[in-house]
Amino acid sequence: MRVLVIGLVVALALLVAVGYTGAFHPAGDSFAVFRLPLVVLLALTVIWTPWSRRIRWAISGLCLIILGQAAWNGVERHPSSTDLTLLQHNILFKRQGGEDWLGYVAAVNPDVLTLQEVSVANLTLVDQLSESYPYRQHCPFRSHLGETVLSRYPKIEGTGFCSTRDGLAGMRVETPKGPVWIVSLHVSWPWPYGQAPQITQILPHLEKLDGPVILAGDFNAVAWSHAVDRVGRAFGGTRMGAWVNTFDLPKIGLPVGIDHVLATPEHFAVSVTAQPRLGSDHKGLLARVTFLDDN
């Protein structure tokens, strides 16, 4: 029994450690998805080992630090004022209906929207927002995927772009406080799927962005992943807001946070709250943005 417990503790510790290696191999980001439940199991299991109290408490303490950091980052801190609101949502390519979603958008009344899985089937749903959001950058990809940015603020002529492969739709808009890049992102599942090479292909587009940038999307990667860090570093941005769960993993139902809002920290303070699914398999995110200067 002791050998079994020790073996389980070692295996759990190794799996947690592998989740920190995303910078060296994309498999690390896949294991990072399960970091928190693995840490909980490790903390509960290590107390049953025959190891000395000092070792057991050291491992348990490290687990508590990891869990404490997650709890701290899960607390939302609202800015003192809101200059811009952004709704981020993967609206699901095979969704049925949409009147509830349209009603929700009208009630929340965001200034800009970043959308993913804007398919041929649901593009007509997005078209119904054209009166309130006359400025658009839509980047279709196959019949069932595509990224879109909608804005009530004017699109600066010549700034709209799509990445050379699926992943990005972006444009620069003229807000009351100056021009801001708004980018919608959607990348595939991590290893063994094609997330890492897809990010490599879209990074050059992000590296060209200058000045204030707000990027939001479905990363299919957790907040602490190397993938999110790579995207942010490409344009000098960082992930903003609390860690919130936005998706339940298929088959096992584990809630994870894979939708994020990133922004250039010298320009913005951002708070993020989860929103209803409304026909999608993802929750939306409502970002309240405070400008730190007049850009």
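**View 1. Val270 and its bridge partner across two strands.** In strand 14, Val289 is the bridge partner of Val270. The model is predicted: local features need pLDDT of at least 70, side-chain atom pairs count only at pLDDT 80 or more, and totals for chains, interfaces and linings use all residues. Residues are numbered from 1 along each chain as its sequence is written, and side-chain values use heavy atoms, with hydrogens and water left out.

**View 2. Strand 13 and strand 14.** Strand 13 is joined to strand 14 (residues 284-291) by 8 bridges, and the two run antiparallel. Strands (E, at least two residues) are DSSP runs numbered from the N terminus, and two of them pair if DSSP finds at least two bridges between them. Of the 8 residues of strand 13 (residues 268-275), 6 are buried, so this strand is largely enclosed by the rest of the structure. Buried means under 20% relative accessible area, exposed over 50%, and partly exposed in between (1.4 Å probe, protein chains only).

**View 3. The disulfide of Cys139 and Cys162.** The structure holds 1 disulfide, a term for a pair of cysteine sulfur atoms within 2.5 Å. Cys139 is joined to Cys162, with an S to S distance of 1.9 Å. Cys139 lies in strand 3 (residues 135-141) and Cys162 in strand 5 (residues 161-162), so the pair ties together parts that are 23 residues apart in sequence. The torsion about the S-S bond is about -90°, so the disulfide is left-handed.

View 4. Cys139 is buried, at 4% relative accessible area, whereas Cys162 counts as partly exposed at 35% relative accessibility. Cys63 is buried, with a relative accessible area of 3%.

How values were computed. Helix = DSSP H or I, 4+ residues; strand = E, 2+ residues; numbered from the N terminus.
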